[in-house]
Amino acid sequence: MKALLYGDTFPRLAADMHRSPGKWLARLVFLLGPWASFWMVEVLNQNDVFDDLYPWQVLMNLIWYYILYILLRLILGRIRRAAAAGSILCFAIGLLNHYILRFRGRILFPADIPGWRTAANVAGGFDFSFDDYIRQGLILLVCYLFLVWMCPAQPRRAKCKPIVVLLCLLSCFSYCYVFFGTAMLPGLGIYTQQWVTQANGFLLNFTVALRYSRVDKPDDYSHAQVLELMEQYPGSAGDESRQPTNLIVIMNESFADLTLFDTLDVDQDPTPFLRTLNENTVKGWMYSPVTGGGTASVEFEYLTGFSTIFQPPHTVAYQLYVEENMPSLAALSRACGYDTTAFHPYKSSGWNRPVAYDYLGFDHQLYEEDVKDPWRIRSYVSDLSDYERIYQVTEEANAQGLPAFVFNVTMQNHSGYSQGWKNLERSVRLNGSQRLADPTAEQYLALAHESDKALEQLIAHYSQVEEPTMIVLFGDHQPPLKNAFYEELYGKPLADRTTQEVLQQYAVPFFIWTNYETEAQDDLILSPNFLGTLTAQLAGLPRTGYMDFLSDLYQALPVITPVGCIAADGTYYKRDELPSDLAKLLHDYEVLNYCGMVDLFDEARPMFCLEEEP
């Protein structure tokens, strides 16, 4: 203070800079580090820092980079080490994000971290070659590390004054508290980007997603509200005479019918058998909550009737929210005497499935090692071998006098589509600019054609089985093909699409087929949170009060997704554009959804769970 009053502060600083220019050069390079890292990460994020981001987005990103560098400086004690470590760490994270953006069409989210095993399981099928973004990022990294190397090394670990350390930590923790613990972000209208995920900048979008990684309680939520709805929906008795002996549910990986885009230019129909399936069949379009990935979210919606629209964006319930004895179609089937099996012909480490399936009420779980000598297409178990394992499961259960409920998630069509063509015929050809936009799309279409052929054999097999059998089949999402390919299909940039056009990329086929007489229906639309209830209804299973509520909601709002909703009259809405009557129904749904997922108190349990017979 005295030095400041006497005006000798700046002369002393100038003298110190003259005596120790290397020390001040290192400090300058260190302060440049967050800017260099931000620029490098955004290059890998396929953003132009100067054109694509607003100044406030640049500022909020830079705050996180400076926090990172300050913490590294305090931990490592040396400026050069902290600068080098910060830049290398940022490049590694940026590179990981770049590959996820390339493969999934979206950037890295917090929910991807618990799912690293799933990503590692399928990493071998992707193209990890360097592109221009990676080369530019590497150039920036090497240039910055060269500057760090040019700075003189510190002879010993620098000791910071306790007051400086305290102020630095206090500033970092204060900002984190304001960011994560207050209403600052909602107040500023800052939310996680979902469609164009690069929009906030990588680090800002990641931390914003982290801020929203918990299920919020609905406005005015109370147990009294739940109990009032429980009185309106007491549940419905089943019809045992209609219950099939075999109830088989197949969620076919990335199974889509891209002919829903009139502009698809192919030399033959990729799924001809699917189109002929009409007798004893209820079919239509299911609007998935995800596209290109996120299989477990679709599973969760189908099995529970809960909707991802009420979850923070890009979180996965299997990893965060599933608890023991959570209501599900599997638990309902088991309560009705079915022997319940979950089957996924791949590694069990994906999406925390062993724990989730156990909590959701499955008696048995089967994975890749339970498929003996399978026929593989590329590196994955084919649909053909997958279905042959289902035949064994139902035969074994029926031989013991038990009805079988099987929930199967296939693997054959999983991305990426730049793998070799092992055991895969080049059966469907794209024409013109569509092939140029994404040559790997032809491999996907060939896989869909193989799925269609396996489906024909599946139906043929159960057509000859004496036991009444119901098969529910739906895709989990459309494939993660390149944005350029979808822009060719739409004939416009993806950012220019309407809500109706965006939802088109979320539509996948579904059907419910029986080997006994069933009234045929066509062109139904729904989202997976309703499909489980429709399954129970057509299978003659008893329905809980919650399922009856979903049946009523379906009559008014048959499609509910995070991207948009479709009303019974065919009108497309974003969630915040719903008319008051539909908004009220959606609020009631949110109340029941929160109760069943997060706050299932004893008095409300009968509305969600069917008591198992002794």
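## A tour of the aromatic pairs

Searching the whole structure turns up 30 aromatic pairs. Keep in mind as you click through that this is a predicted model.

**First stop: Phe-362 and Phe-407.** Select both residues and show their side chains. The ring centres are 6.3 Å apart and the planes meet at 35°, so this pair is tilted. Now colour by secondary structure. Phe-362 sits in the loop between helix H17 (353-359) and strand E4 (364-366), while Phe-407 belongs to strand E7 (residues 404-409), so the pair ties together parts that are 45 residues apart in sequence.

**Next stop: Phe-549 and Tyr-589.** Here the ring centres lie 6.2 Å apart with the planes at 45°, so this pair is tilted. Phe-549 is in helix H24 (residues 545-556) and Tyr-589 in helix H25 (residues 580-598), so to see how the pair links distant parts of the chain, 40 residues apart, show both helices.

**Last stop: Tyr-346 and Lys-347.** Which residue lies over the face of Tyr-346? Select Lys-347: it is placed over that face, 4.5 Å from the ring centre.

Note on methods
Residues are numbered from 1 along each chain as its sequence is written. This is a predicted model: local features need pLDDT of at least 70, side-chain atom pairs count only at pLDDT 80 or more; totals for chains, interfaces and linings use all residues. Side-chain values use heavy atoms; hydrogens and water are left out. Rings of Phe, Tyr and Trp (its six-membered ring) pair if their centres lie within 6.5 Å; planes under 30 degrees apart count as stacked, over 60 as edge-to-face and the rest as tilted. Helices (H or I, at least four residues) and strands (E, at least two) are DSSP runs, numbered from the N terminus. A charge sits over a ring if NZ of Lys or CZ of Arg is within 6 Å of the ring centre and within 35 degrees of the ring normal.
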